[in-house]
Amino acid sequence: MHTPASMVTGIVFAPLGLVLVFTAAITPQWREGQARLGASGPGTPLRPGVKGQGKGLRSGSAGALLLLRSDGLWESCLQVENSELKQCWPVAGPYRRDPRVRLAQGFILTSLFLCGTGIMLACIGVRCWTDTPLRGLAATGGLLVVIAGLLSLTALSVYTHNLPRLGMADPSKAIKNTRFPHLSLHPAGSLYFGWLGSCLQVLGGSALLFSFKRPRYPKCPSCPKLRACPACRSCPEISSNRPDNDVYEVSC
């Protein structure tokens, strides 16, 4: 049983890409930013007596609070630096209604579905337990994986290109709020997981696409129209020279 190297590469890279894209989809670190607030005064979001787990944090402490904000496709989080005080919530407001965020959500979900379907088809087509894989089925699965990778890359590109503007109101109509200063947003770790996973999907699917190409076998000497394929035994000379049963010599 010999599985082509292209099939092995595709069947390894495609699931890795699926896991990485799925990890990026469920984690709320597509973008992150930070803002510094005064710890005392009317601008602080913490009430007197509120403490974080681990290191205590009070609104009356000296210095300034550094708030860390992170957004994902379906969840947002806010954390105070050097503290375990953290809160997460489902995305809402202008960020959730932003058409570019919705486009990224739809493309990522479609990508996960197509990649999972393509991997199942590829596993059935590769058939490592037999000598003759279903090349057409494996290549079809590879095509679905490639499409899934391209959809993920499109979603990531749209999100990264518009990252600072996602969910932001029109600057001309925005109301200045000194209580929550502007955050400087930049790409976060989940985006890099998504980029890596999408590239692995494209590479794995492309490797599976080579399954369309069938190996070339030498022609049978006695029957030029037949190919001397050892797996199917189409050549009479090969089938006649190959013993059907193994012979063992036993001495008593």
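**Helix packing in a predicted model**

In this predicted model, helix α3 packs against helix α4, which spans residues 135-161, at an angle of about 160°, and the axes of the two lie 7 Å apart. An angle over 145 degrees counts as roughly antiparallel, and α3 and α4 are therefore roughly antiparallel to each other. The crossing of this pair is left-handed. Sorted by class, the residues that form the contact of α3 with α4 comprise 20 nonpolar, ten polar and one charged.

Helix α3, which covers residues 99-126, also packs against helix α1, which covers residues 5-26; here the angle is about 155° and the axes are 10 Å apart. Because this angle, too, falls in the range over 145 degrees, α1 is roughly antiparallel to α3. The crossing of α1 and α3 is left-handed.

Which residues of α1 and α3 meet each other? From α1 come M7, I11, A14, P15, L18, V21, F22 and A25, while α3 contributes I108, L112, C115, G116, I119, A122, C123 and V126. When the residues of this contact are divided by class, 15 are nonpolar, one is polar and none is charged.

The residues of the contact of α1 with α5 divide into 15 nonpolar, ten polar and no charged.

A92 is found in the loop between β4, residues 86-90, and α2, residues 94-97. Is A92 buried, partly exposed or exposed? The relative accessibility of A92 is 48%, and because the label exposed is kept for values over 50% and buried for values under 20%, A92 counts as partly exposed. Although A92 and W74 are 18 residues apart along the chain, their C-alpha atoms are separated by 8.8 Å.

Note on methods:
Residues are numbered from 1 along each chain as its sequence is written. This is a predicted model: local features need pLDDT of at least 70, side-chain atom pairs count only at pLDDT 80 or more; totals for chains, interfaces and linings use all residues. Side-chain values use heavy atoms; hydrogens and water are left out. Axes are lines fitted to C-alpha atoms, for helices over the stretch in contact, and angles run from 0 to 180 degrees between N-to-C directions. Helices (H or I, at least four residues) and strands (E, at least two) are DSSP runs, numbered from the N terminus. Angles under 35 degrees count as roughly parallel, over 145 as roughly antiparallel, 65 to 115 as roughly perpendicular and the rest as oblique. A crossing is left-handed if the near helix is turned anticlockwise from the far one by less than a right angle, and right-handed if clockwise. Contact means heavy atoms within 4.5 Å. Ala, Val, Leu, Ile, Met, Phe, Trp, Tyr, Cys and Pro count as nonpolar, Asp, Glu, Lys and Arg as charged, and the others, Gly among them, as polar. Buried means under 20% relative accessible area, exposed over 50%, partly exposed in between (1.4 Å probe, protein chains only).
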